[in-house]
Amino acid sequence: MAALVAENFRFLSLFFKSKDVMIFNGLVALGTVGSEELFSVVAFNCPCSPARNYIYGLAAIGVPALALFLIGVIWNNHTWNLVAECHKRGVKNFSAAATFLLFGSIMGRAAVAPVTWSVISLLRGEAYICALSEFVRPSSLDKFPAEYGAEVLARFPCKDVPANLTKVRDEVTRRLRYESQLFGWLLIGIVAVLVFLTKCLKHCCSPLSYRQEAYWAQYRSNEDKLFRRTAEVHSRILAAKNVKHFFGFVALDNEEKELVQEFPVEGVQPSPQWNAITGVYIYRENKGFPLYSRLHKWAKGVEGNGPSPEGHEMLFLAS
């Protein structure tokens, strides 16, 4: 029993540590669904007032979606790689297709959360009903009294209506909820088709075989993990040496003492080396041999990032 439990925990650990894009996007979508549900329960409160409903309803859908989009752009490593690339080298070495795909990758990853938010908001319907209830044409409603106008229609989302308009309010709410959910399902279908076409285009245009592309993804993931882990140890040892130089001693625990003894750090890497391994990477081949990252290219001593006559070009799309 204990072995079974340990195996399940190991599986869950590997699952959540995975860098697979679909898993990451799924977790982002689930988090967005939970946030939207919490927002609807706690924060959403239609003003039920003409001219205010429309602004509030659209803001309830659009403003959180915009904020989630910007957060997605900020959290995407490609964004800052692109900033570093433009600052250090410019984009003159990128083809138009590579530049387009790079921006598409950043925008596509950042759009997962806002699209999910918009879809859930439309399927729930509260914000849509709040925004458009006052614009329903009274002539399209059965037995709607002529003395009532947009002010009464604007109060429909709050159920604050005269008793003789209860059935009319239910009809308006049902009609608007139908429209809202229809737009939500259409948005889901459009996004699904776009994702499918994008995946097909990516694999059709890739110069790599499926297995080599999978290997490239594994290499990037392992390189990133090892680089971060080594950088953390290197910076700790360097900090310990500098603190010791200042105070004459340094207070280290047993693990840190072992690190200092095992990995002697003589100095720091010069800025040109950091610049060489930082920025957007376009897949290159040098005399038929693949170069899987900027660090790999630097280690092989290959200069430049422009396309070579015998090289291939493919955008770094995965995280």
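Of the 319 residues in the protein, 30% are buried, where buried means under 20% relative accessible area with a 1.4 Å probe and protein chains only. This is a predicted model, in which local features need pLDDT of at least 70 and side-chain atom pairs count only at pLDDT 80 or more, while totals for chains, interfaces and linings use all residues. Residues are numbered from 1 along each chain as its sequence is written, and side-chain values use heavy atoms, without hydrogens and water.

The secondary structure consists of 13 helices and three strands; these are DSSP runs numbered from the N terminus, with helices (H or I) of at least four residues and strands (E) of at least two.

Helix H9 covers residues 166-205. Its 40 residues should span 58 Å at 1.5 Å a residue, and because its end C-alpha atoms are 58 Å apart, the two values agree; the expected span is 1.5 Å times one less than the number of residues. Buried residues in H9 are Val168, Arg169, Val172, Thr173, Leu176, Ser180 and Gly184. Their cover includes helix H6 (112-124) and helix H7 (126-132).

H6 packs against H9 at an angle of about 150°, and their axes are 7 Å apart. Axes are lines fitted to C-alpha atoms, for helices over the stretch in contact, and angles run from 0 to 180 degrees between N-to-C directions. The two helices, H6 and H9, are therefore roughly antiparallel, a term for angles over 145 degrees.

Terms used:
Buried means under 20% relative accessible area, exposed over 50%, partly exposed in between (1.4 Å probe, protein chains only). Contact means heavy atoms within 4.5 Å. Angles under 35 degrees count as roughly parallel, over 145 as roughly antiparallel, 65 to 115 as roughly perpendicular and the rest as oblique.
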